[in-house]
Amino acid sequence: PSVRVLPFEGLLVDFARAEDAVALVRGLRAVSDFEFEFQLALMNRKLEPHLETVFLMPREELTYISSRIVK
C-alpha cells in the first residue's frame, strides 16, 4: 500500500519532492546499466540530498526486458 507507480514530466527529483518521496527504486539488468544509473543517482543526490536510490536486480530470465522493449 505504500508503493505507487506514477507518470511524470520534468526532473525526477522535482517529482519526488512534490510527492514527498524518500526513495527511488531503479532496476539494473547488466553491468553496463550500473555506470549510467550510478551517475543519475549521484546527480539526484546532489539535487536532493534526502532522496535515496535503491537498485534492484531482476531474475536472470528477466534481464532482457527493458522499458524500451515494453513501449
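A: Start with a side-chain pair. The side chains of Glu-48 and Arg-17 form a polar contact at 2.6 Å. Such a contact is a pair of N or O atoms within 3.5 Å; within protein, one must be able to donate a hydrogen and the other to accept it, and residues adjacent in sequence count only if both atoms are side-chain atoms. This is a predicted model, where local features need pLDDT of at least 70, side-chain atom pairs count only at pLDDT 80 or more, and totals for chains, interfaces and linings use all residues. Residues are numbered from 1 along each chain as its sequence is written, and side-chain values use heavy atoms, with hydrogens and water left out.

Q: Is Glu-48 buried or exposed?
A: Buried means under 20% relative accessible area, exposed over 50%, and partly exposed in between (1.4 Å probe, protein chains only). Glu-48 has 15%, so it counts as buried. Glu-48 sits in the loop between H2 and strand S2 (52–56). Helices (H or I, at least four residues) and strands (E, at least two) are DSSP runs, numbered from the N terminus.

Q: Leaving aside neighbours within four places in sequence, which residues is Glu-48 in contact with?
A: Contact means heavy atoms within 4.5 Å. On that basis, leaving aside those neighbours, Glu-48 touches Val-13 and Arg-17.

Q: What should I look for in phi?
A: Most residues other than glycine have a negative phi. Asp-20 has a positive phi, near 55 degrees. Asp-20 lies in the loop between H1 and S1. Asp-20 is exposed because its relative accessibility is 67%.

Q: What volume does the largest pocket have?
A: A pocket is an open set of points on a 1 Å grid over the protein atoms alone, where a 1.4 Å probe fits, with protein on both sides within 12 Å along at least five of seven lines; lining residues have an atom within 4 Å of a point. Grid points are joined across faces, edges and corners, and a volume is the space filled by probe spheres set on the points. Here the volume is about 1,200 Å³. The lining has 29 residues, with Val-5, Leu-12, Leu-24, Val-25 and Arg-26 nearest the centre. S1 supplies the largest share, five residues.

Q: Which element gives the most to the lining of the second largest pocket?
A: H2 does, with six residues. This pocket holds about 160 Å³. Its lining has 14 residues, and Leu-12, Val-13, Arg-26, Leu-40 and Asn-44 lie nearest its centre.
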